[in-house]
Structures are given as C-alpha cells and as structure tokens.
Amino acid sequence: MAKKDKKKPLSTKNIKRIAHLDIPGGGQVEVHGKYCYVGHMDPPHGTSIIDISNPKKPKVVATLTTPPNSHSHKVRVIGDLMYTNVEMFNRHRRRLGEQKIPGIVRAFKKKHGREPKNGELAKELGVDKNLIPDILGYMKTGYDGGGWRVFDIKDKTNPKELAYVKTHGFGTHRFHCDEKYAYISTEMEGYLGNILVVYDMKNPAKPKEVSRWWMPGQHIAGGEKPTWKGYNNRLHHAMRVGDELWAAVWHGGFQVLDAKNIKNIKTIGAINYHPPAPMTSHTIMPLEKKINGRRIAVGIDEEHTHHVGQPHACMWVFDVTDLKNIQTLSSYHVSELDSPWSRLGRFGAHQYREKLNSTLVYNAWFSGGLRIVDVADPHLPKEVGYFIPEPVNGHKSPQSNDVDVVDKNGLVYLLDRLTGLDILEFNGA
C-alpha cells in the first residue's frame, strides 16, 4: 500500500476505495474475469498482470519489460491472447528535437560563433535541460523498434510471446482487437501521422495485414497533400462496433467507418468540432442502446497544453442517428474549483471506459480524478459520482489516466498515469 499524503483530504461522492495497489503509472487498464491487465507508461516497466480474485488484496502475478527506447502503455485481452503496443518513448519531444535542433544550431553558430550548450538548446526548444541528452542520442541512433506484440496468456503467471509485428516511425499507439482482427493505430512508411492498419488474427503467431484506412492527405508517398498543419490530424484509434469503426482523428474530430468489407473500409459519417474546441478528439463510441429512439454517441477529448481563457478538454454527446448529419447535443465539463489539485498537474478529460452498455459514462479526468456521468438526458449530462485520489509518492497531483469497470459487482478500476491503481466501489446515484 502506498503512503498517502494525510494533509490532503480525499474528495469523493458515492464512491469508496476498496484497495490501492502501488505500481508504476500506466496508460491503460483492462479487467477480464479474475485478472486485471495494466500497460505502464515508463520503461522498463511494460505490462503487469494482476490477480484480483480478492479485490481487497490485488496481487501482481506477472510483469513484462519493454524493448529498448520503447514503452508499452496499452494492453488488450481477447480470450487467452494479450496484445501490447510498442511505441517510441518520449516520441513527441524526440521528434521535436529532430526537426528543430539543426536549425537552432545553425542560427546559434551564425550569431555566436559556437554551438549552443544543452541549457541553451533546451531554452530554444522549450523543454527541460535534462531531456537534451536523450533527444541528441535519438538523433544519432534513430528508432526502428515500433510495432505491437501478441502473447499467449493461458498461464497468467507466464506470458509467452507469439508474435512481434514491426510497423514504422513512432510505432503503435492505441488499438482495438476482437476475435478476428486487430485494429492498429500506427505510423507507416509513406504516411503522415498514424493511420489504421487491420490485421487478420486467424493465426495469432502470424498476423496478416488485410487493409488500411487513412484520411485524404495522409498518404504523402502517394502524392496526397494534407490540408492541416503537421500532425494535427491523424488517427488516435478506431473502435469496432458491429459493422462500423468509430475513429477519433485528433484535431479532425471523428469519423465513422463502414467495415462490412474489411478489405475496403469507407467513411460514412464525420464531424469536426475543432475549432472551436481547442483540445483533441481522443475516443468516440455510440451507446449500445438508443435513447428515445435516437442513436447517441459519446466522445471525449484529451487535455494537452492549456491556454488561459480556453476551455479544458471535456466529454461530448452527439446524435448520430443520421451519420450524414451528425449533431452535437451537449458537453460535460469539470470546473477547476472541483479538484484541489487542478492547478498542480495536467487537468481536463482524457479517456472513458470503452464499453457504453448503459447511460453511465466512467471518465478518467487527469487531476480531476474519476467522474461518473449519466447521459440519460443527452442534452443535459449529469454527474452522479466522483473520486479524486490524493497524490502519492511525492507527486503534486493525481493523474487519472484510464478506467475499467466490472459489471457484476460494480467495482471500478482507476489507473493513475504517474503511480498506482485504485479499486473502487460505486454506490449509485
């Protein structure tokens, strides 16, 4: 059990903590049966498998490490198969340095007659001085390890790797899987930013690519030209729902794809609400059941650099009954005043539980903690519970990053980006 900061009160409504497990911070949590799976943010920590047969006493039974210079912060489980991503660690800072440092050095030498020191490079880049050696090292060696992995987890204490699929560039970010296919969001040679690559998983030891989907403008090698700046528009990830794929495309809003013919995926609906929304589209899915005969979808944006005067990332509700005319119905926001740590760490929305089988949406809200929101009235979302963990292990604020729920007993698994997993019980509205 991690040491708590007793000076900070626990802030909660309709939720109580069952247990806290002090593990390295993570990017994704999935619960299946008696086990919980966590993909960690920082190498060498890769993936943990946790026995939750007694949720009051969770126990780590297996840990995996990451390949060099990579992190594996996402994990999915289908039956006895576990999927993990392989992505370049500190990818954005490293590529920022790769793009800007040569010009900074040329300008500095012209003005001062010498090359800049690390502190001077850091100032020009707008990053911490301690990151410069890592960025310069990457510029010398590059990165060629991106992709994803498949494991046999019949024995939860001893995962066995079945396949490693190499992709390109940064590698694989988020992804989705089902019994037939893996829907991988990754960079690929010749494309700008992440695209969707679908793999047939009939033979898990030999995944076979069957199709790709991208937004017009991403296929640079094919002569396409983007209408946006840099990596602003790209696939975050696509979720399979029936014969559709629901794809969040960052500053491009979201698109709904027809996946009946998996070898020929087509866009059948789209909306871009950026601008005016300043933050990026992270996840989009429809509710499993209609509300008053209307098909409703819930989206969530991800908080990044926040500019004073602009709204924080939030949750959105859409009417998607007519995919050719998607309508924005409402949004749900959390005030900075609702969290004692909102000014001490990244604040705003990030992700929700990717199973919308009721009108309750479980949101991980960075330093806003867990926010449970009822969208039974799609025009007026209502918060029915929240839980804001106190900072632990010397961190200034909690950073709730992902959440999953066990339906049969109402337990909620809330994963922190920096450290720790909380097991919670929601008592209802």
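Which residues does Asp 319 touch, not counting those up to four places away in sequence? Select Asp 319 and you'll find Arg 294, Arg 295, Ile 296, Asn 325, Ile 326, Gln 327 and Leu 329, where contact means heavy atoms within 4.5 Å. Before going on, note that this is a predicted model, in which local features need pLDDT of at least 70 and side-chain atom pairs count only at pLDDT 80 or more, while totals for chains, interfaces and linings use all residues. Residues are numbered from 1 along each chain as its sequence is written, and side-chain values use heavy atoms, with hydrogens and water left out.

**Stop 1: Asp 319**

Stay on Asp 319, which sits in strand E22 (residues 315–319). Helices (H or I, at least four residues) and strands (E, at least two) are DSSP runs, numbered from the N terminus. Asp 319 has a relative accessible area of 11%, so it is buried; buried means under 20% relative accessible area, exposed over 50%, and partly exposed in between, with a 1.4 Å probe and protein chains only. Now show its polar contacts. The Asp 319 side chain meets the side chain of Thr 321 at 2.7 Å and that of Arg 294 at 3.1 Å. A polar contact here is a pair of N or O atoms within 3.5 Å; within protein, one must be able to donate a hydrogen and the other to accept it, and residues adjacent in sequence count only if both atoms are side-chain atoms.

**Stop 2: the aromatics**

Next, colour the Phe, Tyr and Trp rings: the whole structure has 11 aromatic pairs. Rings (the six-membered one for Trp) pair if their centres lie within 6.5 Å; planes under 30 degrees apart count as stacked, over 60 as edge-to-face and the rest as tilted. Zoom in on Phe 254 and Phe 318, an edge-to-face pair with centres 5.0 Å apart and 70° between the planes. Phe 254 belongs to strand E18 (residues 254–258) and Phe 318 to strand E22, so the pair ties together parts that are 64 residues apart in sequence. Both Phe 254 and Phe 318 are buried.

**Stop 3: the largest core**

Which members of the largest nonpolar core touch the most others? Of its 21 residues, pick Val 298, Met 315 and Val 375. A nonpolar core is a set of buried Ala, Val, Leu, Ile, Met, Phe, Trp, Tyr and Cys residues joined through side-chain atoms within 4.5 Å. Strands E21 (296–302), E22, E24 (347–352) and E25 (360–366) are the elements that give two or more residues to this core. Centre on Val 375: leaving aside neighbours within four places in sequence, its contacts include Leu 287, Ile 291, Val 317 and Pro 381.

**Stop 4: helix H1**

Select helix H1 (residues 91–112). Its 22 residues should span 32 Å at 1.5 Å a residue, and the end C-alpha atoms are 30 Å apart, which agrees; the expected span is 1.5 Å times one less than the number of residues. H1 bends by about 40° at Lys 100, with Pro 102 following within four residues; the bend is the angle between axes fitted to the seven residues ending there and the seven starting there. Among the buried residues of H1 are Arg 91, Gly 97, Ile 104 and Phe 108. The buried residues of H1 pack against several elements, including helix H2 (118–125) and helix H3 (132–141). Just past H1, Gly 113 has a positive phi of about 75°.

**Stop 5**

Most residues other than glycine have a negative phi, and most peptide bonds are trans. Find the cis bond between Pro 43 and Pro 44, with omega about 10°; Pro 44 is in the loop between strand E4 (35–40) and strand E5 (45–51). Another cis bond runs from Pro 275 to Pro 276, with omega near 15°. Finish at Asn 292, not a glycine, yet with a positive phi of about 50°. Asn 292 is exposed, at 76% relative accessibility.
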